[in-house]
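Visitor: Could you walk me through this structure, one question at a time?

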Protein chains: 2
Amino acid sequence: MNYSRQREVILNTLKSNVVHPTAEYLYSVLKETEPNISLATLYRNLNQLAENGIIKKIDGLDTSSHFDHNTHEHYHFICEKCGRVFDVSSDIAPNLVKKTEDETGFLINKYDIVFSGTCKDCLKNLE
Amino acid sequence: MNYSRQREVILNTLKSNVVHPTAEYLYSVLKETEPNISLATLYRNLNQLAENGIIKKIDGLDTSSHFDHNTHEHYHFICEKCGRVFDVSSDIAPNLVKKTEDETGFLINKYDIVFSGTCKDCLKNLE
DNA sequence: TATAAAATGAGAATTATTATTATTTTTGTA
DNA sequence: TACAAAAATAATAATAATTCTCATTTTATA
(Lines give C-alpha, C1' and ligand atoms only; values in the text may rest on other atoms or scores of the structure.)
Protein backbone atom coordinates (compact mmCIF):
# COMPACT_ATOMS: atom_id res chain seq x y z
CA MET A 1 0.00 0.00 0.00
CA ASN A 2 1.68 3.18 -1.18
CA TYR A 3 1.04 6.48 0.48
CA SER A 4 -1.77 8.57 -0.94
CA ARG A 5 -2.91 11.99 0.17
CA GLN A 6 -6.53 11.02 -0.49
CA ARG A 7 -6.26 8.02 1.83
CA GLU A 8 -4.79 10.21 4.55
CA VAL A 9 -7.60 12.73 4.21
CA ILE A 10 -10.21 9.96 4.24
CA LEU A 11 -8.76 8.43 7.41
CA ASN A 12 -8.49 11.82 9.13
CA THR A 13 -12.04 12.69 8.21
CA LEU A 14 -13.25 9.37 9.59
CA LYS A 15 -11.20 9.85 12.76
CA SER A 16 -12.63 13.30 13.41
CA ASN A 17 -16.13 11.93 12.99
CA VAL A 18 -17.98 10.95 16.13
CA VAL A 19 -20.66 9.09 14.26
CA HIS A 20 -20.23 5.88 12.28
CA PRO A 21 -20.60 7.30 8.82
CA THR A 22 -21.57 5.65 5.59
CA ALA A 23 -19.43 6.17 2.48
CA GLU A 24 -22.07 8.52 1.12
CA TYR A 25 -21.94 10.72 4.23
CA LEU A 26 -18.13 10.74 4.28
CA TYR A 27 -18.21 11.70 0.63
CA SER A 28 -20.37 14.73 1.32
CA VAL A 29 -17.99 15.86 4.06
CA LEU A 30 -14.84 15.16 2.03
CA LYS A 31 -16.18 17.13 -0.94
CA GLU A 32 -15.76 20.34 1.09
CA THR A 33 -11.99 20.05 1.36
CA GLU A 34 -11.36 17.68 -1.56
CA PRO A 35 -13.82 18.72 -4.23
CA ASN A 36 -12.24 16.45 -6.85
CA ILE A 37 -12.20 13.25 -4.83
CA SER A 38 -13.94 10.37 -6.52
CA LEU A 39 -16.50 8.13 -4.87
CA ALA A 40 -14.57 5.14 -6.25
CA THR A 41 -11.42 6.38 -4.51
CA LEU A 42 -13.34 6.68 -1.27
CA TYR A 43 -14.75 3.15 -1.48
CA ARG A 44 -11.39 1.71 -2.57
CA ASN A 45 -9.58 3.32 0.34
CA LEU A 46 -12.21 2.48 2.94
CA ASN A 47 -11.98 -1.16 1.89
CA GLN A 48 -8.19 -1.11 1.92
CA LEU A 49 -8.09 0.51 5.34
CA ALA A 50 -10.53 -2.09 6.64
CA GLU A 51 -8.60 -4.99 5.08
CA ASN A 52 -5.47 -3.72 6.79
CA GLY A 53 -7.21 -3.48 10.14
CA ILE A 54 -6.81 0.29 10.37
CA ILE A 55 -10.54 0.87 10.42
CA LYS A 56 -13.58 -1.36 10.72
CA LYS A 57 -16.41 -1.90 8.27
CA ILE A 58 -19.78 -2.42 9.92
CA ASP A 59 -22.36 -4.34 7.91
CA GLY A 60 -25.92 -5.30 8.71
CA LEU A 61 -26.94 -2.02 10.34
CA ASP A 62 -28.98 -0.78 7.43
CA THR A 63 -28.74 -0.84 3.63
CA SER A 64 -25.25 0.74 3.60
CA SER A 65 -21.96 -0.20 5.15
CA HIS A 66 -20.82 2.07 7.97
CA PHE A 67 -17.21 2.73 8.91
CA ASP A 68 -15.57 3.03 12.30
CA HIS A 69 -12.11 4.34 13.18
CA ASN A 70 -12.36 2.63 16.57
CA THR A 71 -10.93 -0.85 16.10
CA HIS A 72 -11.12 -1.87 19.75
CA GLU A 73 -13.56 -4.68 20.42
CA HIS A 74 -17.03 -3.26 20.70
CA TYR A 75 -20.44 -3.74 19.12
CA HIS A 76 -23.13 -1.54 17.60
CA PHE A 77 -26.72 -0.47 17.98
CA ILE A 78 -28.72 1.45 15.39
CA CYS A 79 -31.80 3.37 16.44
CA GLU A 80 -34.75 2.68 14.16
CA LYS A 81 -36.24 6.08 15.01
CA CYS A 82 -33.34 8.54 14.65
CA GLY A 83 -30.92 6.40 12.66
CA ARG A 84 -27.97 7.09 14.96
CA VAL A 85 -25.40 4.37 15.57
CA PHE A 86 -24.14 3.78 19.10
CA ASP A 87 -21.29 1.74 20.51
CA VAL A 88 -22.09 -1.20 22.76
CA SER A 89 -19.45 -2.42 25.21
CA SER A 90 -17.89 -5.79 24.54
CA ASP A 91 -18.70 -6.69 28.18
CA ILE A 92 -22.13 -7.90 27.05
CA ALA A 93 -20.54 -11.02 25.49
CA PRO A 94 -17.32 -12.02 27.24
CA ASN A 95 -14.82 -14.29 25.44
CA LEU A 96 -17.10 -14.41 22.43
CA VAL A 97 -14.49 -15.53 19.91
CA LYS A 98 -12.80 -18.13 22.09
CA LYS A 99 -16.13 -19.61 23.16
CA THR A 100 -17.36 -19.81 19.59
CA GLU A 101 -14.14 -21.26 18.22
CA ASP A 102 -14.11 -23.86 21.00
CA GLU A 103 -17.73 -24.76 20.44
CA THR A 104 -17.61 -24.94 16.64
CA GLY A 105 -14.04 -25.85 15.74
CA PHE A 106 -14.18 -23.05 13.17
CA LEU A 107 -11.53 -20.37 12.74
CA ILE A 108 -13.02 -16.90 13.16
CA ASN A 109 -11.64 -14.06 11.11
CA LYS A 110 -14.33 -11.41 11.53
CA TYR A 111 -17.37 -11.05 13.75
CA ASP A 112 -19.87 -8.48 14.84
CA ILE A 113 -22.91 -8.02 16.98
CA VAL A 114 -25.51 -5.66 15.64
CA PHE A 115 -28.58 -4.50 17.52
CA SER A 116 -31.46 -2.37 16.35
CA GLY A 117 -34.30 -0.85 18.30
CA THR A 118 -35.07 2.44 20.03
CA CYS A 119 -32.38 4.54 21.70
CA LYS A 120 -32.73 6.22 25.09
CA ASP A 121 -33.46 9.67 23.65
CA CYS A 122 -36.14 8.37 21.31
CA LEU A 123 -37.72 6.31 24.11
CA LYS A 124 -37.95 9.52 26.16
CA ASN A 125 -39.63 11.33 23.27
CA LEU A 126 -42.28 8.62 23.09
CA GLU A 127 -43.42 9.14 26.71
CA MET B 1 -52.01 -10.34 5.80
CA ASN B 2 -54.33 -12.30 3.55
CA TYR B 3 -53.63 -15.86 2.59
CA SER B 4 -51.71 -16.41 -0.62
CA ARG B 5 -50.67 -19.64 -2.24
CA GLN B 6 -47.36 -18.13 -3.28
CA ARG B 7 -46.51 -17.20 0.29
CA GLU B 8 -47.35 -20.71 1.44
CA VAL B 9 -45.10 -22.22 -1.22
CA ILE B 10 -42.28 -19.80 -0.35
CA LEU B 11 -42.50 -20.66 3.35
CA ASN B 12 -42.62 -24.40 2.66
CA THR B 13 -39.66 -24.19 0.33
CA LEU B 14 -37.68 -22.29 2.96
CA LYS B 15 -38.71 -24.81 5.63
CA SER B 16 -37.56 -27.78 3.58
CA ASN B 17 -34.22 -26.12 2.99
CA VAL B 18 -31.40 -27.07 5.32
CA VAL B 19 -29.21 -24.18 4.23
CA HIS B 20 -29.83 -20.50 4.84
CA PRO B 21 -30.72 -19.48 1.32
CA THR B 22 -30.62 -16.12 -0.36
CA ALA B 23 -33.66 -14.87 -2.27
CA GLU B 24 -31.85 -15.64 -5.52
CA TYR B 25 -31.29 -19.26 -4.51
CA LEU B 26 -34.86 -19.68 -3.30
CA TYR B 27 -36.05 -18.21 -6.57
CA SER B 28 -34.14 -20.82 -8.57
CA VAL B 29 -35.70 -23.60 -6.48
CA LEU B 30 -39.21 -22.12 -6.57
CA LYS B 31 -39.09 -21.74 -10.34
CA GLU B 32 -39.27 -25.52 -10.65
CA THR B 33 -42.69 -25.84 -9.09
CA GLU B 34 -43.92 -22.26 -9.61
CA PRO B 35 -42.54 -21.23 -12.98
CA ASN B 36 -44.56 -17.99 -13.02
CA ILE B 37 -43.58 -16.72 -9.60
CA SER B 38 -42.13 -13.24 -9.65
CA LEU B 39 -38.93 -12.22 -7.91
CA ALA B 40 -40.82 -9.22 -6.53
CA THR B 41 -43.40 -11.55 -5.00
CA LEU B 42 -40.64 -13.57 -3.41
CA TYR B 43 -38.95 -10.53 -1.86
CA ARG B 44 -42.27 -9.06 -0.76
CA ASN B 45 -43.27 -12.27 0.98
CA LEU B 46 -39.90 -12.94 2.57
CA ASN B 47 -40.00 -9.46 4.06
CA GLN B 48 -43.56 -9.88 5.24
CA LEU B 49 -42.82 -13.24 6.81
CA ALA B 50 -39.79 -11.75 8.56
CA GLU B 51 -41.75 -8.72 9.78
CA ASN B 52 -44.32 -11.05 11.25
CA GLY B 53 -41.69 -13.10 13.02
CA ILE B 54 -42.45 -16.25 11.03
CA ILE B 55 -38.97 -16.39 9.53
CA LYS B 56 -35.73 -14.51 10.14
CA LYS B 57 -33.76 -12.32 7.78
CA ILE B 58 -30.01 -12.56 8.25
CA ASP B 59 -27.99 -9.55 7.12
CA GLY B 60 -24.28 -8.91 7.15
CA LEU B 61 -23.18 -12.39 6.07
CA ASP B 62 -22.30 -11.40 2.53
CA THR B 63 -23.72 -9.11 -0.15
CA SER B 64 -27.18 -10.68 0.00
CA SER B 65 -29.72 -11.21 2.72
CA HIS B 66 -30.17 -14.81 3.78
CA PHE B 67 -33.36 -16.28 5.21
CA ASP B 68 -33.88 -18.72 8.03
CA HIS B 69 -37.03 -20.63 9.01
CA ASN B 70 -35.53 -21.32 12.43
CA THR B 71 -36.62 -18.44 14.64
CA HIS B 72 -35.21 -19.83 17.86
CA GLU B 73 -32.36 -17.78 19.29
CA HIS B 74 -29.15 -18.70 17.53
CA TYR B 75 -26.40 -17.01 15.58
CA HIS B 76 -24.57 -17.54 12.29
CA PHE B 77 -21.20 -18.26 10.80
CA ILE B 78 -20.32 -17.98 7.11
CA CYS B 79 -17.30 -19.80 5.75
CA GLU B 80 -15.16 -17.56 3.58
CA LYS B 81 -13.87 -20.59 1.69
CA CYS B 82 -16.98 -22.62 0.84
CA GLY B 83 -19.67 -20.00 1.44
CA ARG B 84 -21.79 -22.26 3.62
CA VAL B 85 -23.72 -20.76 6.52
CA PHE B 86 -23.75 -22.57 9.87
CA ASP B 87 -25.77 -22.10 13.02
CA VAL B 88 -23.98 -21.05 16.19
CA SER B 89 -25.58 -21.86 19.56
CA SER B 90 -26.88 -18.95 21.60
CA ASP B 91 -24.88 -20.33 24.55
CA ILE B 92 -21.86 -18.34 23.38
CA ALA B 93 -23.49 -15.12 24.58
CA PRO B 94 -25.86 -15.73 27.50
CA ASN B 95 -28.52 -13.13 28.32
CA LEU B 96 -27.34 -10.97 25.49
CA VAL B 97 -30.46 -8.85 25.14
CA LYS B 98 -31.08 -8.29 28.84
CA LYS B 99 -27.45 -7.40 29.46
CA THR B 100 -27.39 -4.95 26.58
CA GLU B 101 -30.70 -3.35 27.46
CA ASP B 102 -29.58 -2.96 31.07
CA GLU B 103 -26.24 -1.50 30.07
CA THR B 104 -27.53 0.92 27.42
CA GLY B 105 -31.07 1.79 28.42
CA PHE B 106 -32.07 1.13 24.82
CA LEU B 107 -34.98 -1.02 23.72
CA ILE B 108 -33.83 -3.85 21.48
CA ASN B 109 -36.08 -5.01 18.70
CA LYS B 110 -33.68 -7.05 16.54
CA TYR B 111 -30.18 -8.35 17.02
CA ASP B 112 -27.77 -10.75 15.48
CA ILE B 113 -24.26 -12.10 15.82
CA VAL B 114 -22.48 -12.85 12.59
CA PHE B 115 -19.13 -14.60 12.30
CA SER B 116 -17.01 -15.25 9.26
CA GLY B 117 -13.90 -17.32 8.87
CA THR B 118 -12.99 -20.87 7.91
CA CYS B 119 -15.25 -23.82 8.73
CA LYS B 120 -14.01 -27.16 10.08
CA ASP B 121 -14.16 -28.93 6.72
CA CYS B 122 -12.23 -26.21 4.95
CA LEU B 123 -9.63 -26.11 7.74
CA LYS B 124 -9.12 -29.83 7.23
CA ASN B 125 -8.64 -29.34 3.50
CA LEU B 126 -5.92 -26.79 4.18
CA GLU B 127 -3.75 -29.22 6.15
C1' DT C 1 -72.48 -12.49 -5.16
C1' DA C 2 -70.54 -7.73 -4.90
C1' DT C 3 -67.01 -5.07 -3.15
C1' DA C 4 -62.88 -3.59 -0.89
C1' DA C 5 -58.43 -4.90 0.41
C1' DA C 6 -54.54 -7.49 -0.47
C1' DA C 7 -51.52 -9.91 -3.50
C1' DT C 8 -49.58 -10.95 -7.98
C1' DG C 9 -46.39 -10.84 -12.26
C1' DA C 10 -43.71 -8.18 -15.22
C1' DG C 11 -40.55 -5.17 -15.69
C1' DA C 12 -38.78 -0.44 -14.69
C1' DA C 13 -36.26 2.03 -11.22
C1' DT C 14 -33.22 2.67 -7.41
C1' DT C 15 -29.29 2.23 -4.40
C1' DA C 16 -24.94 0.87 -3.02
C1' DT C 17 -20.93 -0.67 -4.63
C1' DT C 18 -17.37 -2.35 -7.86
C1' DA C 19 -15.01 -2.47 -12.40
C1' DT C 20 -12.75 -0.17 -16.24
C1' DT C 21 -9.48 2.85 -18.10
C1' DA C 22 -6.58 6.59 -19.28
C1' DT C 23 -3.86 9.54 -16.48
C1' DT C 24 -1.20 10.87 -12.44
C1' DT C 25 1.43 9.97 -8.24
C1' DT C 26 4.54 7.43 -5.48
C1' DT C 27 8.67 4.92 -4.64
C1' DG C 28 12.88 2.45 -5.11
C1' DT C 29 17.00 2.56 -7.68
C1' DA C 30 20.44 3.91 -11.18
C1' DT D 1 18.03 14.04 -9.72
C1' DA D 2 15.94 11.15 -13.29
C1' DC D 3 13.46 7.00 -14.53
C1' DA D 4 10.75 3.02 -14.68
C1' DA D 5 7.49 0.05 -12.32
C1' DA D 6 3.84 -0.21 -9.18
C1' DA D 7 0.12 1.91 -7.10
C1' DA D 8 -3.40 5.26 -6.92
C1' DT D 9 -6.57 8.53 -9.00
C1' DA D 10 -10.92 10.68 -11.28
C1' DA D 11 -14.58 9.88 -14.10
C1' DT D 12 -17.85 7.12 -15.32
C1' DA D 13 -19.80 2.66 -16.89
C1' DA D 14 -21.38 -1.59 -15.07
C1' DT D 15 -23.28 -4.73 -11.73
C1' DA D 16 -26.02 -6.81 -8.13
C1' DA D 17 -29.56 -6.84 -4.95
C1' DT D 18 -33.65 -5.10 -3.93
C1' DT D 19 -37.75 -2.15 -4.24
C1' DC D 20 -41.28 0.30 -6.79
C1' DT D 21 -45.10 0.80 -10.14
C1' DC D 22 -49.18 -0.61 -11.99
C1' DA D 23 -52.61 -3.20 -14.40
C1' DT D 24 -54.66 -7.57 -13.23
C1' DT D 25 -56.06 -11.31 -10.16
C1' DT D 26 -57.14 -13.34 -5.73
C1' DT D 27 -58.98 -13.31 -1.11
C1' DA D 28 -62.05 -12.05 2.66
C1' DT D 29 -66.33 -10.21 4.03
C1' DA D 30 -70.89 -7.97 4.12
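Visitor: At what angle do helix α1 and helix α2 of chain B pack, and how is that described?
Guide: This is a predicted model, in which local features need pLDDT of at least 70. Helices here are DSSP runs (H or I, at least four residues), and α1 (residues 5–15) and α2 (residues 23–33) of chain B have axes 10 Å apart and pack at an angle of about 110°. Angles of 65 to 115 degrees count as roughly perpendicular, so α1(B) is to α2(B) roughly perpendicular.

Visitor: Which residues in α2(B) do those in α1(B) meet?
Guide: Contact means heavy atoms within 4.5 Å, and hydrogens and water are left out of side-chain values. By that rule, V9(B), I10(B), T13(B) and L14(B) in α1(B) meet L26(B), V29(B) and L30(B).

Visitor: How are the two copies, chain A and chain B, related?
Guide: The copies are superposed by least squares on the C-alpha atoms of residues with pLDDT of at least 70 in both. Chain B is laid on chain A with an RMSD of 0.1 Å by a turn of 180° and a shift of 0.0 Å along the axis. The copies are therefore related as by a two-fold rotation axis.

Visitor: How much area do chain B and chain A bury between them?
Guide: In this interface, 33 residues of chain B are in contact with 33 residues of chain A. Buried area is the accessible area (1.4 Å probe) that two parts lose on being put together, summed over both. Of the area buried here, 64% is on carbon and sulfur atoms, and its total is about 2700 Å².

Methods. Residues are numbered from 1 along each chain as its sequence is written. Chains are lettered from A and ligands numbered from 1 in the order in which they are written. This is a predicted model: local features need pLDDT of at least 70, side-chain atom pairs count only at pLDDT 80 or more; totals for chains, interfaces and linings use all residues. Axes are lines fitted to C-alpha atoms, for helices over the stretch in contact, and angles run from 0 to 180 degrees between N-to-C directions. Helices (H or I, at least four residues) and strands (E, at least two) are DSSP runs, numbered from the N terminus. Angles under 35 degrees count as roughly parallel, over 145 as roughly antiparallel, 65 to 115 as roughly perpendicular and the rest as oblique.
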